Amino acid sequence: MLNDLIKKHIDGISDYTEVRSQINSNNRISIISGNLVGNSRVTSGGVCARVYKNGVYGFSSMGEYSDESIKSVINAARDNALFLDRRVNKNKLPLMETPTAFYKDTADFIDVPQKILLDYAKELDDYIVNKYPDLSSRGVIVSSDCIEKLLHVTTGSFSHSLSPRSCIYVSMSAEASDGSNIELFEAMNCGKGFFTQIFSTPSELYEKIDNLYEKLMSKKEGVFSEAGVCDCIIDSSISGMIAHEAVGHTVEADLVLSGSVAATNLGNKIASDKITIIDYAHTAFGKEVPLPVYVDDEGTVCEDAVLIKNGILKGYMNNKETAMHFGVKPCGNARAFGFSDEPLIRMRNTAILPGTDKLEDMIASIDNGYYLTKTQNGQADTTGEFMFGITMGYEIKNGKLGRAIRDTTISGVAFETLKTVDMLSDEISWASSGYCGKKQPMPVSDGGPAVKCKINIGGR
Amino acid sequence: MEMSKLKEIAQYTLSRLKEYGADEAQCKIKFGLVDEINVDAGEFSLMRSTFDSAVTIKVIKDMKKGVIAINKIDKESIDAAAKECVEAAIVSTEDDCLSIAEKDENEDFFCGAEKCDRDKLFDRINEYVEDIKNDYPKVFIEQLIADYAESQSVFANTNGVEYSYTAAYYSMGSMYSAHDGDKTTSFNSMGIDFVSLDEKILDKGTQRMMYEMCEKELEAIPFEGKFTGTAVFAPSCLGDIVATAIDNFTGDETIIDNTSPWRNKLGEKVASEKLSVSLIPIDDRIIGGERYTAEGYKSKNCDIIKNGVLENFTLSEYAARKSGEKRCPTLSSCMEVKSGNTAYDDMIKNIEQGILVCRLSGGQPASNGDFSGVAKNSFLIENGKITKPVLETMISGNLADMLNNVIDISKETAMDGSTIYPWIAFDGVTVSGK
């Protein structure tokens, strides 16, 4: 029905126009130290249009699905494009033509009752408090979200996608001997799917919870890292942050045009020969990636974007406009978060390809350094300077793991740090629980092997 | 949309919730529009206008809670949401600290500009972009987003509370860096809210000072070595220290679970006597500040730290009941750190070795206040002067310790429409480079 309405209005429009109808939903349970502080179901949906005119865009959205609202947003988007076009006169060429996309998700929306989420969270919380009564605080968050999009573009492209994602976050804290509160957090079993497609019984997470507790006990006795540049191994569970923060943002073409360090480095050697980084669209290593994207929000068929190959900077991530500017084919990186958001250049599933080394050999190769195993967030800079917060790690002394360390930060300059990579483990891990922030949030995943490099670590 | 229509929808929502079995209920109905102009890589790129509504419902039934949010205000959608919310409460767990706000005198609040002048907004932004090109030729606007946001909202609950709020104002945020040949600086960003387009946007706040410093950052070099000493935090990143500390040590989560180092310090000294911090949603210098909290209490300004003494936690009513403490009269983040008596220039003159931090790129501090991060857009202070801009410089410390180690607070402050911050010199911060 909605599909027919959009089709009716978009047929015959002469200017390049995208019309998208979308609904985002998030069901969430939060239990903090036994208190149910969150029990919410949030949905937000509507329709939007974006019109391109001589180098500028007009956009409009409304939170309604009706014949009238579709007509209104198309007219308002066209008026907005004309408003800017008349004032700035860029007189740029029409957007490049790309192959017409047609994609229709075959999956159905599953409305998981709130009680299922709540019971799961309560049982997990009961397990934690009964087994580990000495904790000073604990938290269990169950989150299940879904983005459903219906897209028509005047080029003829069509896509109807359903992107569910579910995740459980567990946090714990305990008092250290110096009286300070030490905490640890882990996202567990996150990935594509409605809650009941990923999670069946809380006992499936007990082993992970036990491991988290053990790590917290080590961290409680942990020491502050020694500030300075040193050899580090960044575990495979978090090395995707290098692909995302250190490299990914600098090679988003809109940031390249804003003067990122990648602007003058295309074709240059910017990393060790061992480094290959790819932003995967939907399939990697013969399997569907954690958060697959088949058609982007400009109606471009998604393909992998090769960013670095054997240490050479090979390409950027583009939308149609920047692809035209750089004279390349777009790979489908234009993505919008909500119905009221315009597509921006975003990463999808960005990963460092694995190498051939064994983790134990990597640890044995370091006399004095750190093995970093959990991160909490990261930020990038157009200069290539990046940082991640580290929430779990261990000293490495004479080739062996030593004491745990307290929270710290690591930082480096991407194209310098990547040149110091001399070992990569032979496995890959993906992380898909987070959001990337860039005007709008966006679910993304990243992955990689354990990476040995020289990096600046904060400390006392 | 007519405010009377929104009030009608709010009362309709409450009546449906009661019919479906709610013991107590509250709802907020909001309608808003935004007109937004984007500049990307120095060029105008997008004009965006959005129209949206939002309904947030909270139900308490048998001392159990459910919350639903939707963005549709038609009766059919509200009926479905009301039913779903009661059902969510039924399957929830009992908690005797749940409540809704008591009845107070109902009131209609207003704030801000009357109507968006799109042409004038475009002209002001165009002038801004040109001013930057002329006055700061090495500065490049990576992205600029200017908007006019107008919203009408109604909060009502089954105790008879009904407040409305009409707010409309302009905002502008820019992300920028400086470039000269092969040299490029870190990006920095700034944002400001305002109600009038009568004056140049570039002349508001401390923007000119920040753009001047950005050009100087082109000469930045990696910092080598390590020292523990003075760090001056500029208003642009003072919130990363003070607001984060307040949030970490006085907010719902760490007070409920007793992990805050300030849990038993109400009425006691937790910071230097030079430091006073208040939340000020009702203040002429604040644009579009909170008028009622998300729980339905009228907002009031509130001291959090006065002359170093902890006066209030920043607790919601729920957390207050849970912890046996007082509810904070506002849940706003509009913060004022009181200015000091020392001129900014004199503050710098008194520092032998230190760092001026203008942006902190760091992780979320631990609940005990330990933090570390990269000092961006920052400068060394040597022998009383701001000298070299630095790269690849990490700083670390403890938020609670820093608040006790205040050396000086500047007379001057920066206002951006939602915060009022001075420059503060803290002692005991570790600075390390390569």
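Because the model is predicted, local features are reported at pLDDT of at least 70 and side-chain atom pairs at pLDDT 80 or more, while totals for chains, interfaces and linings use all residues; side-chain values use heavy atoms, without hydrogens and water. Residues are numbered from 1 along each chain as its sequence is written, and chains are lettered from A in the order in which they are written.

Chain A is divided into domain 1 (2-220) and domain 2 (228-457), the bounds coming from an automatic or database domain assignment. Their C-alpha centres lie 22 Å apart. The contact (heavy atoms within 4.5 Å) takes 54 residues from domain 1 of chain A and 40 residues from domain 2 of chain A. The buried area, defined as the accessible area (1.4 Å probe) that two parts lose on being put together, summed over both, is about 3,500 Å² between these domains, with 56% from carbon and sulfur atoms. A:Met96, A:Arg165 and A:Lys219 supply 19% of the area that domain 1 of chain A buries against domain 2 of chain A, more than any other three residues.

Six salt bridges are found across this interface of chain A, a salt bridge being a side-chain nitrogen of Lys or Arg within 4 Å of a carboxyl oxygen of Asp or Glu. A salt bridge joins the side chains of A:Lys374 and A:Glu186 (2.6 Å, N to O). There are also 21 residue pairs in polar contact across the interface of the two domains of chain A, both residues at pLDDT 80 or more. A polar contact is a pair of N or O atoms within 3.5 Å; within protein, one must be able to donate a hydrogen and the other to accept it, and residues adjacent in sequence count only if both atoms are side-chain atoms. Elements giving two or more residues to the domain 1 side include β1 (17-32), β7 (181-192) and α5 (206-220) of chain A. The largest share of that side, eight residues, comes from β7(A).

Chain B contains nine helices and 22 strands, taken as DSSP runs (helices H or I, at least four residues; strands E, at least two) and numbered from the N terminus. The assignment for chain B gives domain 1 (3-212) and domain 2 (226-432), with centres separated by 25 Å. Between the domains of chain B, 34 residues of domain 1 are in contact with 26 residues of domain 2, and about 2,500 Å² is buried. Two salt bridges cross this interface of chain B; B:Glu107 and B:Lys298 meet in a salt bridge at 2.9 Å, N to O.

Between the chains, 77 residues of chain A are in contact with 70 residues of chain B. Chains A and B bury about 5,700 Å² between them, 49% of it on carbon and sulfur atoms. The count between the chains is 11 salt bridges, and the side chains of B:Arg359 and A:Asp381 meet in a salt bridge (3.3 Å, N to O). Residue pairs in polar contact between chain A and chain B number 40. On the side of chain A that touches chain B, β2(A) gives the most, with 11 residues.
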